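This briefing goes through one protein structure, topic by topic. Please look over the sequence and the model before reading on.

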Amino acid sequence: MAPAAASPKPAWPVPRLLFKVNDMDSPGARKFFKHVNPSEALHAAVLDVFVWLYTAESVPRHVRSVTLILRSMDGVAYTTGSDLDEDHKEIHFSTDYIANVSDAQGTAELKGVITHEMVHCFQYNALGTCPGGLIEGVADYVRLRAGYVPPHWHRGGERWDEGYQNTGYFLDYLERKHGEGTVRAINACLAEETYDDAVFKKVCGHSVDKLWKRYKKWVAGDPDDEEKETSADKDRDEKAA
Ligand SMILES: [Zn+2]
């Protein structure tokens with residue numbers, strides 16, 4: 001007899017997952033099946049979104065289904081509510097794009113795109129007022145944390161809200177620097193109120209401009225003067241005490 005599990009797994013509300021292929025014989029569909037098990041990939045993407053953005057208590061429960069649709073179209077992928085209902089999500093993924101993904105990158109790129117799009121099915125958007133750069137940054141942050149990093153990604157950028165991997169890596173830095181759950185807390189702030197940059201001050205204690213400056217220094221490998229000052233102050237305070 002198998003021993004009883006030490007603790008029950010959290011009850012993540014995985015919605016019904018559906019899959020449609022417009023042309024099974026297209027090169028993109030063939031390549032997709034070569035690299036990805038759709039059931040496993042969709043399930044894993046949902047769990048990555050839940051783990052990095054929510055807890056079992058805070059996870060949204062209104063999404064009733066997610067359908068992955070492989071079809072010929074321009075671009076890479078996008079996510080939308082279904083024609084019927086916003087609680088039924090559709091991820092459209094281009095078979096023309098998939099056909100041109102290299103075999104070496106196949107699994108990571110296809111699962112990475114699915115994970116990015118799955119974030120859009122569940123993330124908060126400050127009642128529609130969140131800057132697009134932050135929305136896309138949160139999506140690439142989860143892709144990064146899930147381990148599907150494309151070879152061309154690197155830390156950098158000119159502005160914190162440029163979006164995609166530039167904002168994703170910035171959020172990753174905040175999570176390292178300000179503790180586990182930082183990005184979860186930022187996402188939670190976008191649940192019920194309109195957007196304000198003050199979200200960063202509330203969660204991390206500094207303005208987003210200051211956080212971005214410190215991040216750029218960290219990326220460049222420069223010493224963080226302010227951090228030194230803070231620990232010097234702390235030493236002085238400790239001696240005075
Ligand atoms: Zn996106």
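Helix 4 has 17 residues and spans 25 Å from its first C-alpha to its last, close to the 24 Å expected at 1.5 Å a residue. The helix is mostly covered, with 15 of its 17 residues buried. The model described here is predicted.

**Overall layout**
- The protein chain contains 10 helices and 4 strands.
- Along the sequence, these elements follow the pattern β-α-α-β-β-β-α-α-α-α-α-α-α-α.
- Of the 241 residues in the protein chain, 44% are buried.
- Among contacts between residues at least 6 apart in sequence, 67% join residues at least 24 apart.

- Glutamate 136 counts as buried because its relative accessibility is 18%, and the cut-off for buried is under 20%.
- In general, an α-helix has 3.6 residues a turn, so residues three or four places apart point the same way.

**Helix 2 against helix 7**
- Helix 2 (residues 38-53) packs with helix 7 (residues 182-189) at an angle of about 90°, and their axes are 7 Å apart.
- Helix 2 is therefore roughly perpendicular to helix 7, a label that covers angles from 65 to 115 degrees.
- Val51, Trp52 and Leu53 in helix 2 meet Val183, Arg184 and Asn187 in helix 7.
- The residues of this contact divide into 4 nonpolar, 1 polar and 1 charged.

**Positive phi values**
- Most residues other than glycine have a negative phi.
- Alanine 126 is not a glycine, yet has a positive phi of about 50°.
- Where does alanine 126 lie? Alanine 126 is in the loop between helix 4 and helix 5.
- Is alanine 126 buried or exposed? Alanine 126 counts as buried, because its relative accessibility is 0%.
- Tyrosine 164, also a residue other than glycine, has a positive phi near 45°.
- Tyrosine 164 is found in helix 6 (residues 164-178).
- With a relative accessible area of 43%, tyrosine 164 is partly exposed.

Technical notes: Residues numbered from 1 in each chain as written. Predicted model: local features only at pLDDT ≥ 70, side-chain atom pairs only at ≥ 80, totals over all residues. Heavy atoms only, no water. Axes fitted to C-alpha atoms, helices over the stretch in contact; angles between N-to-C directions. Helix = DSSP H or I, 4+ residues; strand = E, 2+ residues; numbered from the N terminus. Parallel < 35°, antiparallel > 145°, perpendicular 65-115°, else oblique. Contact = heavy atoms within 4.5 Å. Nonpolar A, V, L, I, M, F, W, Y, C, P; charged D, E, K, R; others polar. Buried < 20%, exposed > 50% of the residue type's maximum accessible area, 1.4 Å probe, protein only. Expected span 1.5 Å × (residues − 1).
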